[in-house]
Amino acid sequence: MIELDIQGSVIKVSRSAVVRLRDLAAARAGGSSAQRDLSLLLDRALGTHTKVALQRGEARALLELVATEPADPEIAALADTIRAAR
C-alpha cells in the first residue's frame, strides 16, 4: 500500500492503483503541468514506498484523474474516499 497525504488526510492506495494513476497522469502530462507533477510524485511514491504529500494542484489533478475512470472499481472507490476526506 502507498500512503497519499491529501491536504492532511492520509489515504492508503494499492500499488496497482497508483501504477494506473501514474500512467494516466503521465499520458496527460503534455497538456497539464499539474498532471506532470502528479505523475512524477506518484512515481516517486512507488519507488520509495514512503508517504507522499500532495499539494493543492496535485490533489486537484488527482481528483480530475479519478473522475475519468468510473469503470475501474478500485479507482472509483478511491475517488469516493478522496471526496469524503475533503
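Tutor: Let us begin with Ala-53, which is found in strand S3; helices (H or I, at least four residues) and strands (E, at least two) are DSSP runs, numbered from the N terminus. The model is a predicted one, in which local features need pLDDT of at least 70 and side-chain atom pairs count only at pLDDT 80 or more, while totals for chains, interfaces and linings use all residues. Residues are numbered from 1 along each chain as its sequence is written, and side-chain values use heavy atoms, with hydrogens and water left out.

Ala-53 has a relative accessible area of 43%, so it is partly exposed, a term for values between buried (under 20%) and exposed (over 50%), computed with a 1.4 Å probe on protein chains only. If neighbours within four places in sequence are set aside, Ala-53 is in contact (heavy atoms within 4.5 Å) with Asp-5, Leu-41 and Glu-58.

Glu-58 takes us to helix H3, where it is buried together with Ala-59, Ala-61, Leu-62, Leu-63, Leu-65 and Val-66. H3 runs over residues 56-67, and its 12 residues reach 17 Å from the first C-alpha to the last, close to the 16 Å expected, where the expected span is 1.5 Å times one less than the number of residues. Its buried residues are covered by elements that include strand S1 (2-6), helix H1 (15-27), helix H2 (33-48), strand S3 (52-54) and helix H4 (73-85).

On the H2 side the contact is made by Ala-34, Gln-35, Asp-37, Leu-38 and Leu-41, and on the H3 side by Gly-57, Glu-58, Ala-61, Leu-62, Glu-64 and Leu-65.

H4, which also covers H3, has Ile-75, Leu-78, Ala-79 and Ile-82 buried. They lie on the same side of H4 because they cover an arc of only 105° around the axis, taken from the directions from the helix axis to the C-beta atoms. These buried residues pack against S1, strand S2 (9-13), H1 and H3, whereas the face turned away from them carries the exposed residues Pro-73, Asp-80 and Ala-84.
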